Amino acid sequence: MKTSQYNKRIVIQEYTTTKNSRGIAKQEWHDTKKVWANISTNIENEEDIANSINSKMKNEITIRYNKDLENKLSNTEKCRIFYKRPYNILGIENVNERNIEIKIRCEAIENE
(Lines give C-alpha, C1' and ligand atoms only; values in the text may rest on other atoms or scores of the structure.)
Protein backbone atom coordinates (compact mmCIF):
# COMPACT_ATOMS: atom_id res chain seq x y z
CA MET A 1 0.00 0.00 0.00
CA LYS A 2 1.29 3.44 -0.88
CA THR A 3 1.99 5.95 1.85
CA SER A 4 -0.67 8.31 0.46
CA GLN A 5 -3.34 5.67 1.13
CA TYR A 6 -2.74 5.91 4.89
CA ASN A 7 -4.92 9.00 5.09
CA LYS A 8 -6.85 8.65 8.36
CA ARG A 9 -5.41 9.39 11.80
CA ILE A 10 -6.55 6.78 14.33
CA VAL A 11 -5.85 6.43 18.03
CA ILE A 12 -5.01 3.15 19.70
CA GLN A 13 -6.44 3.11 23.21
CA GLU A 14 -5.63 0.84 26.12
CA TYR A 15 -7.85 -0.04 29.09
CA THR A 16 -6.00 0.87 32.28
CA THR A 17 -6.63 0.99 35.98
CA THR A 18 -5.44 4.01 37.95
CA LYS A 19 -5.85 5.01 41.57
CA ASN A 20 -6.82 8.47 42.72
CA SER A 21 -5.37 10.23 45.76
CA ARG A 22 -7.75 8.32 48.07
CA GLY A 23 -6.71 4.95 46.65
CA ILE A 24 -9.93 4.32 44.77
CA ALA A 25 -9.35 2.37 41.56
CA LYS A 26 -10.69 3.87 38.34
CA GLN A 27 -10.76 1.98 35.04
CA GLU A 28 -10.85 3.91 31.77
CA TRP A 29 -9.53 4.09 28.22
CA HIS A 30 -6.30 6.02 27.63
CA ASP A 31 -4.74 7.02 24.31
CA THR A 32 -1.47 5.15 23.81
CA LYS A 33 -0.50 5.81 20.18
CA LYS A 34 -1.67 7.76 17.13
CA VAL A 35 -0.98 6.22 13.74
CA TRP A 36 -1.94 6.80 10.11
CA ALA A 37 -4.30 4.21 8.66
CA ASN A 38 -6.43 3.18 5.71
CA ILE A 39 -10.03 2.35 6.63
CA SER A 40 -12.36 0.12 4.59
CA THR A 41 -15.98 0.07 5.74
CA ASN A 42 -18.44 -2.79 5.29
CA ILE A 43 -21.91 -3.18 6.77
CA GLU A 44 -22.63 -6.75 7.75
CA ASN A 45 -24.54 -8.86 10.23
CA GLU A 46 -28.01 -7.40 10.10
CA GLU A 47 -30.01 -8.49 13.12
CA ASP A 48 -33.79 -8.46 13.45
CA ILE A 49 -34.45 -7.58 17.07
CA ALA A 50 -37.99 -6.66 18.11
CA ASN A 51 -39.00 -5.95 14.51
CA SER A 52 -36.22 -3.43 13.96
CA ILE A 53 -33.22 -4.20 11.83
CA ASN A 54 -29.87 -3.35 13.38
CA SER A 55 -26.76 -3.55 11.26
CA LYS A 56 -23.32 -3.72 12.79
CA MET A 57 -20.67 -1.63 11.10
CA LYS A 58 -17.52 -3.65 10.55
CA ASN A 59 -14.30 -2.13 9.32
CA GLU A 60 -10.92 -3.28 8.18
CA ILE A 61 -8.16 -0.90 9.23
CA THR A 62 -4.70 -1.21 7.74
CA ILE A 63 -1.66 0.33 9.43
CA ARG A 64 2.07 0.09 8.90
CA TYR A 65 3.71 -2.81 10.71
CA ASN A 66 5.03 -2.18 14.21
CA LYS A 67 6.11 -5.13 16.35
CA ASP A 68 5.11 -3.45 19.62
CA LEU A 69 1.68 -2.54 18.24
CA GLU A 70 1.15 -6.04 16.91
CA ASN A 71 1.79 -7.46 20.39
CA LYS A 72 -0.40 -4.83 22.07
CA LEU A 73 -3.30 -5.19 19.61
CA SER A 74 -3.33 -8.98 19.95
CA ASN A 75 -4.80 -8.46 23.45
CA THR A 76 -8.23 -7.50 22.10
CA GLU A 77 -9.78 -7.16 25.56
CA LYS A 78 -7.44 -4.34 26.63
CA CYS A 79 -7.14 -2.41 23.36
CA ARG A 80 -9.48 -0.66 20.98
CA ILE A 81 -9.33 1.75 18.05
CA PHE A 82 -10.79 5.25 18.09
CA TYR A 83 -11.67 7.07 14.87
CA LYS A 84 -14.73 9.33 15.21
CA ARG A 85 -16.14 6.61 17.50
CA PRO A 86 -14.67 3.63 19.37
CA TYR A 87 -14.17 0.28 17.66
CA ASN A 88 -13.75 -3.12 19.31
CA ILE A 89 -10.94 -5.18 17.81
CA LEU A 90 -12.14 -8.53 16.47
CA GLY A 91 -8.77 -9.74 15.19
CA ILE A 92 -5.46 -8.70 13.68
CA GLU A 93 -3.37 -10.06 10.83
CA ASN A 94 0.24 -9.46 9.84
CA VAL A 95 -0.40 -9.31 6.08
CA ASN A 96 1.35 -12.26 4.39
CA GLU A 97 3.67 -12.42 7.45
CA ARG A 98 5.89 -9.87 5.68
CA ASN A 99 6.07 -7.34 8.55
CA ILE A 100 4.91 -4.51 6.28
CA GLU A 101 1.25 -4.02 7.22
CA ILE A 102 -1.17 -5.03 9.96
CA LYS A 103 -4.86 -5.46 9.13
CA ILE A 104 -7.20 -4.94 12.05
CA ARG A 105 -10.77 -6.25 11.79
CA CYS A 106 -13.03 -4.27 14.08
CA GLU A 107 -16.63 -3.41 14.86
CA ALA A 108 -18.06 -0.01 15.75
CA ILE A 109 -19.34 0.46 19.29
CA GLU A 110 -22.68 2.21 18.87
CA ASN A 111 -23.72 3.12 22.40
CA GLU A 112 -21.08 4.31 24.82
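1. Contacts across the chain. Among contacts in the protein chain between residues at least 6 apart in sequence, 49% join residues at least 24 apart; a contact here means heavy atoms within 4.5 Å. The structure is a predicted model, in which local features need pLDDT of at least 70 and side-chain atom pairs count only at pLDDT 80 or more, while totals for chains, interfaces and linings use all residues. Residues are numbered from 1 along each chain as its sequence is written, and side-chain values use heavy atoms, with hydrogens and water left out.

2. Overall architecture. Helices (H or I, at least four residues) and strands (E, at least two) are DSSP runs, numbered from the N terminus. Read from that end, the order of the elements is β-β-β-α-β-β-β.

3. Burial and surface. Of the 112 residues in the protein chain, 29% are buried. The term buried denotes under 20% relative accessible area, exposed denotes over 50%, and partly exposed lies in between (1.4 Å probe, protein chains only). The accessible surface of the protein chain is about 7700 Å², and 41% of this belongs to carbon and sulfur atoms. Such areas come from the Shrake-Rupley method with a 1.4 Å probe, and for residues only the protein chains shown count as cover.

4. Strand β4 (residues 79–83) and strand β5 (residues 85–94) run antiparallel and are joined by four bridges; two strands pair if DSSP finds at least two bridges between them. Within this pairing, I81 has Y87 of β5 as its bridge partner. Strands β5 and β6 also run antiparallel, with seven bridges between them. There, Y87 has A108 of β6 as its bridge partner.

5. The two hairpins. One residue separates β4 from β5 in their hairpin, and K84 in the turn has a positive phi of about 70 degrees. The hairpin of β5 and β6 has six residues between the strands, and N96 takes a positive phi near 55 degrees.

6. Salt bridges. Side chains of opposite charge can pair when their charged atoms come close. The structure holds five salt bridges, each defined as a side-chain nitrogen of Lys or Arg within 4 Å of a carboxyl oxygen of Asp or Glu. One of them is formed by the side chains of E14 and K72 (3.4 Å, N to O). Because E14 lies in strand β1 (residues 8–19) and K72 in helix α1 (residues 67–73), this pair ties together parts that are 58 residues apart in sequence. E14 is partly exposed, with a relative accessible area of 22%, and K72 is partly exposed at 29%.

7. The side chains of E107 and K58 form a salt bridge (4.0 Å, N to O). E107 belongs to strand β6 and K58 to strand β3 (residues 52–64), so the pair ties together parts 49 residues apart in sequence. Both E107 and K58 are buried. The side chains of E60 and K103 also meet in a salt bridge (3.6 Å, N to O). That pair links distant parts of the chain, with E60 in strand β3 and K103 in strand β6, 43 residues apart. E60 is partly exposed, with a relative accessible area of 29%, and K103 is partly exposed at 25%.

8. Y15, in strand β1, is partly exposed at 30% relative accessibility. Leaving out residues up to four places away in sequence, Y15 touches Q27, E28, W29 and K78. The side chains of Y15 and Q27 make a polar contact (3.4 Å). D31 lies in strand β2 (residues 25–49) and is exposed, at 51% relative accessibility. The side chain of D31 makes a polar contact with the side chain of Q13 (2.9 Å).

Note on methods: Polar contact = N/O pair within 3.5 Å; in protein donor to acceptor, adjacent residues only side chain to side chain.
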